[in-house]
Amino acid sequence: MLFNILNKLNFDGTLKIVDHKNKIHIFGNSNPIVQIRLVSKSIERKLFLNPSLHIGEAYMNKDLIIEQGSIEQLIDLVTNCYDDFISNNNFYKFYEYLSSIFMPLQQINKLVNSKKNVAHHYDIDENLYKLFLDKDMQYSCAYFHNQNISLDQAQKDKKQHIIKKLKINENMKVLDIGCGWGGMAIEIAKTTGAKVKGITLSENQFKTASDRAQQEGLSDKVTFSLQDYRNENEKYDRIVSVGMFEHVGVKYFKTYLKKTNDILKDNGVFLLHTIGQRGKPTATSPWIRKYIFPGGYIPSLSEVMKETQNLNINVTDIEILRLHYAHTLSHWYKNVIENKDKIIKMFDERFFRMWEFYLLASKYSFVNMGNVVFQIQISKNINNLPLTRNYIYN
């Protein structure tokens, strides 16, 4: 059944599959050429039933072996015809429909669950992140003025772009929700002189961020707290949240947006930076949900706008960063490959293959599958910022 469906697809390249009986099946007729081996009838059946889950698992477990080409070329080929695969597979189409119905149950992010879900990803060995992120450990989309810019510079440019967009000055009080390892909060304090509070649910990130603020002599300007955003009750001139909204869960969008709006002062502005779906809402990949981000969800713009409308919140600017995250992930993947031996020694080969698949699947979700990054600017009052975007770029 799997091979019958693959025969109907338009491949931008050639996919050769050696089945468990050693028979070669060829799909497409152009370059690049990728050849894989499926080691059992069971994995062939699983790939037909649920490719979103099992192609990643098969690569991790060596049930899928690359014999020609690379795993990156395979993921590019597969993601490029993924929608075509769904439209030709009625069984999987029905699975996707059921998954969308039960989507809220996949994101149970109550207070206790949120901390557990965050720990699954962020409280593993911090040395892993030091091996592939930039020097400031920004684990979110960088901002590339062109593709030749280094990762370090692109991440600094991202932080500066957000600071300018928020029009922060030294008299302001700023909240950073989901502050990571503290880079954004520290950059705000150093650049503007504002007082910044960063909050996170990751114990590793909290400790590292606190240590960094002390080492840089910024303890009077920057503080960090191990807490959930729902427990924050102080008022702020500015709020920033970068790469955290993906962990909120669709059931909690209203709670999140109401809380951030409630704790903004009358002159307040909030910048929400999040991965988003360009199209209609769809459920999170079951592989990503199981292995990488339990409780995670990529919002569509319509879902966010629905809640801002219901809450009568002023959305004052939306910028869509298209391929910036694909470029960011290319840098991360290159760094992971260069540190392959260290990562395997730190964990094991299966973990390395999982991380490799995660970064590449993420990259090609931006290249081929409609993911983008939204920067949504929200203002407590309609006249809190200049009338044009000139203030950001001058």
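Is Thr200 buried or exposed? I looked it up: Thr200 is buried, with a relative accessible area of 4%. Buried means under 20% relative accessible area, exposed over 50%, and partly exposed in between (1.4 Å probe, protein chains only).

**Ground rules.** I am working on a predicted model, where local features need pLDDT of at least 70, side-chain atom pairs count only at pLDDT 80 or more, and totals for chains, interfaces and linings use all residues. Residues are numbered from 1 along each chain as its sequence is written, and side-chain values use heavy atoms, with hydrogens and water left out.

**Thr200.** I placed Thr200 in strand β6 (residues 195-200). Helices (H or I, at least four residues) and strands (E, at least two) are DSSP runs, numbered from the N terminus. The Thr200 side chain has a polar contact of 3.2 Å with that of Gln205. A polar contact is a pair of N or O atoms within 3.5 Å; within protein, one must be able to donate a hydrogen and the other to accept it, and residues adjacent in sequence count only if both atoms are side-chain atoms.

**Tyr297.** I found Tyr297 in the loop between α13 (286-291) and α14 (301-310). Tyr297 is buried at 1% relative accessible area. Its side chain makes a polar contact of 2.8 Å with the side chain of Glu303. I also checked Val248: it is 49 residues from Tyr297 in sequence, yet 7.5 Å away in space, C-alpha to C-alpha.

**Salt bridges.** I counted 19 in the structure. The criterion is a side-chain nitrogen of Lys or Arg within 4 Å of a carboxyl oxygen of Asp or Glu.

Arg212 and Asp136 pair at 2.4 Å, N to O. Arg212 sits in helix α11 (residues 203-215) and Asp136 in the loop between α8 (126-132) and α9 (151-166), so the pair ties together parts 76 residues apart in sequence. Arg212 is buried at 16%, and Asp136 is buried at 14%.

Lys197 and Glu232 pair at 2.7 Å, N to O. Lys197 is in strand β6 and Glu232 in the loop between β7 (222-226) and β8 (236-242), 35 residues apart. Which burial values go with Lys197 and Glu232? I read 16% for Lys197 and 1% for Glu232.

Asp237 and Lys265 pair at 3.5 Å, N to O. Asp237 lies in strand β8 and Lys265 in strand β9 (residues 264-277), so this bridge ties together parts 28 residues apart in sequence. Asp237 is buried at 7%, whereas Lys265 is partly exposed at 31%.
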